[in-house]
Amino acid sequence: MMRTAICPGSFDPVTLGHVDIITRASKMFDRVIVAVLENSAKKYAFTKEKRMKLLNKALAEIPNIEVITFDGLLADCAKRFDAAFIVKGLRAVSDFDYEFQMALINKKLNPEVETVFLTTKSEYMYLSSSVVREVARHNGDISQFVPEVVLKDIEDGLKD
Ligand code: ADP
């Protein structure tokens, strides 16, 4: 049986923390769907097309991943792609409350799906897309936070 996992997020933009979680998931599952959330109520720094393009570029070496976009419920998206697992990264205790709630809701909505948490690599504990956006907007060096292949695209995209 093929084991499919879904890694959801905004990825606005992709960071080394995301790449770490997705790479690890790709070793645990046969197929990993990277699901880019497009929430019409939210404003993003990068369009969904651009976020997908950056992810595809950053993850080009991983054969068993697929980057898709979704705008409804994650539980439905998991069903659509036959994914029995949702993989999420946990950075700190502060992530826990929200993630715990989401995992329980997703289980109610789709009892077939299990949420799996991977702990962050310690060096990425502080890292989020918003940190990358803030540092880049103030002309700080983001080369330690994002994959090298997309560094320039991200820097260009965040320039005013
Ligand atoms: P953020 O905007 O906070 O970077 P996303 O919503 O795009 O996060 O995150 C997508 C997934 O990646 C989530 O499961 C999130 O917990 C995980 N993630 C994000 N940053 C990290 C990190 N530095 N270490 C581990 N997991 C992370």
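Where does the ligand sit? In this predicted model, where local features need pLDDT of at least 70, side-chain atom pairs count only at pLDDT 80 or more and totals for chains, interfaces and linings use all residues, the ligand is found in the largest pocket. Here a pocket is an open set of points on a 1 Å grid over the protein atoms alone, where a 1.4 Å probe fits and protein lies on both sides within 12 Å along at least five of seven lines; a molecule sits in it if more than half of its atoms lie within 2 Å of its grid points. Residues are numbered from 1 along each chain as its sequence is written, and side-chain values use heavy atoms, with hydrogens and water left out.

Now for the ligand's surroundings. There are 15 residues around the ligand, and Phe11, Gly89, Thr120, Tyr124 and Ser129 come nearest (a residue is near if one of its heavy atoms lies within 4 Å). Five residues of this shell are nonpolar, eight are polar and two are charged, with Gly counted as polar, Tyr as nonpolar and Arg as charged. At least two shell residues each come from β1 (4-9), α1 (16-28) and β4 (85-90), and α1 gives the largest share, three residues. These helices and strands are DSSP runs (H or I, at least four residues, for helices; E, at least two, for strands), numbered from the N terminus.

A ligand oxygen lies 2.9 Å from a polar backbone atom of Ser129. For Ser10, a backbone N or O atom is 3.1 Å from an oxygen of the ligand, while for Arg91 it is a side-chain N or O atom that lies 3.1 Å from a ligand oxygen. On its own the ligand has 540 Å² of accessible area, and the protein covers 87% of it (Shrake-Rupley method, 1.4 Å probe).

Elsewhere, Asn64 is in the loop between α2 (48-58) and β3 (65-70). The Asn64 side chain reaches the backbone oxygen of Phe29 at 3.1 Å, and a polar atom of that side chain lies 3.1 Å from the backbone oxygen of Asp30. Leaving out residues up to four places away in sequence, Asn64 touches Ser26, Phe29, Asp30, Arg31 and Val32 (contact means heavy atoms within 4.5 Å).

Conventions: Polar contact = N/O pair within 3.5 Å; in protein donor to acceptor, adjacent residues only side chain to side chain. 1 Å grid on protein atoms, 1.4 Å probe; cavity = no way out; pocket = protein on both sides within 12 Å on 5 of 7 lines; lining within 4 Å.
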